Amino acid sequence: MQLIWLRSDLRQHDNTALAAAAARGPTVAVYLLSPQQWLEHDDAACKIDFWLRNLRELSASLGALNIPLLLRTADHWDQAPAVLLELCRQLNVETVHANEEYGVHESQRDAAVAATLRTRGIAFHSYLDQLLFRPGTVLTKTETYFQVFSQFRKVCYERLHRSVPALVKAPGKQAKLNVDSDPVPASIKGFAAPSESLRALWPAGEQEARRRLDTFADAQIDYYQSERDFPAKPGTSQLSAYLAAGVISPRQCLHAALQSNQGEFDSGKVGAVTWINELLWREFYKHILVGYPRVSRHRAFRTETEALAWRDAPDDLAAWQEARTGLPIIDAAMRQLLETGWMHNRLRMVVAMFLTKNLLIDWREGERFFMRHLIDGDLAANNGGWQWSASTGTDSAPYFRIFNPISQSEKFDSEGLFIKHWLPELAGLNKKEVHDPASAGGLFGVANYPSPIVNLGASRERALAAFKNLPSRSSTGEVHE
């Protein structure tokens, strides 16, 4: 018997471990419910709900192939070796198959499972699946992990010119086994059920993920480069939640983009090239997790920035979290996150820079808050984005680049359509006033809308001073006072 251990790969098609297991013989699938671990990792309730809904869809599609899906509980990942060993004994499993995952805790869990199974003569095979290139194979000339995205991308392009990773054939129907699938629970204790309106925005299942990909590749990808920065426009693929849960693979995304661009990934349609670059950013941050494991442990990539004098400002943090900063583009973006489990990528940068620069609050507070609310929460991408915005990360924005939320708002939501959608209390303002009600509202501002919690100019100077006072870092990474 073969066992496929599903994790962040909740799909039947183009699933490397599933195909490998099914090719070896009769196969059973298992998924481990790990609520305590999820809480420790700050996984959002809407994300857990999304996983469960996708598991239900996957159970049905695997059931049609006579592959039963079993659920087991390993509350914490240190219980995974014992739980999987017991299941292997019950089913007389010869080999466990799993797709690689890359965080520090994931790597430790998989190493422990593999070691435990081997002592009992059970093989553990892991596969490259959620990335195009295995970490450790895209390296600098000195055999180190890249720290700059443009250089990483160049090597990826060279590799893609030689060969594009192929899609993996879905398994066929197997003979019926004497094993029944387990029912997937509707909810997990400790994770509140999201609203029906949020669920409706994110239907579960491979069919929906494929529909989104096809619609995007057929109709929208040409406009991606020109429209992706405007939050009021449907300029993005809306696939991030499906990629994070593995309901669709980066290979499927790459193939769809190449198909729309006559097989080109670094020339041809600028929209397709830009979107492929976004797939490679996702890849880059996962490679960073492996090459620089400290970022998995809430450490700054740029070690000298650990000395930053962040402010302890709970009232300012709460105002940011609760969408009452008095800066409309920030508050509208935070309401979008709280109500939909998702935030437009341009706005993720704007709100992150506001928190870390204008409020001078530790990026880890923002990283944690995002993970607790994002349906597409992904350690590598979320950490990479926050550290980029905070100027503590790889290839980060130089510390003196500080987005002004009002000018960002005027540039990317010039008519105020996004702001007015999420902040209906500002619907009466004209398209100039809506970006900065404080300058328009006379003595008392706008009714039902707070005054700004911070002066943008003064807070910018404060951030510049804090960064200037840091020790410098040499090209070797050594810190110099």
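**Strand pairing and helix packing**

Author: V96 stands opposite F124 in β5. Helices (H or I, at least four residues) and strands (E, at least two) are DSSP runs, numbered from the N terminus.

Reader: Before we go on, what should I know about the model?

Author: This is a predicted model, where local features need pLDDT of at least 70 and side-chain atom pairs pLDDT 80 or more, while totals for chains, interfaces and linings use all residues. Residues count from 1 along each chain as its sequence is written, and side-chain values use heavy atoms, leaving out hydrogens and water.

Reader: OK. How many bridges join β4 to β5?

Author: Five, and the strands (residues 123-127 for β5) run parallel; strands pair if DSSP finds at least two bridges between them. From β4 the chain crosses through helix α5 (residues 104-119) to β5.

Reader: And is β4 buried or exposed?

Author: Five of the five residues of β4 (residues 95-99) are buried, meaning under 20% relative accessible area with a 1.4 Å probe, protein chains only. T95, H97 and N99 cover one side, V96 and A98 the other.

Reader: Switching topic: at what angle do α6 and α12 cross?

Author: Roughly 110°, with the axes of α6 (residues 149-162) and α12 (residues 270-291) coming within 10 Å. Axes are lines fitted to C-alpha atoms, for helices over the stretch in contact, with angles from 0 to 180 degrees between N-to-C directions. The two helices are therefore roughly perpendicular, the term for 65 to 115 degrees.

Methods: Parallel < 35°, antiparallel > 145°, perpendicular 65-115°, else oblique. Buried < 20%, exposed > 50% of the residue type's maximum accessible area, 1.4 Å probe, protein only. Right-handed = clockwise from strand over helix to strand, strands pointing away.
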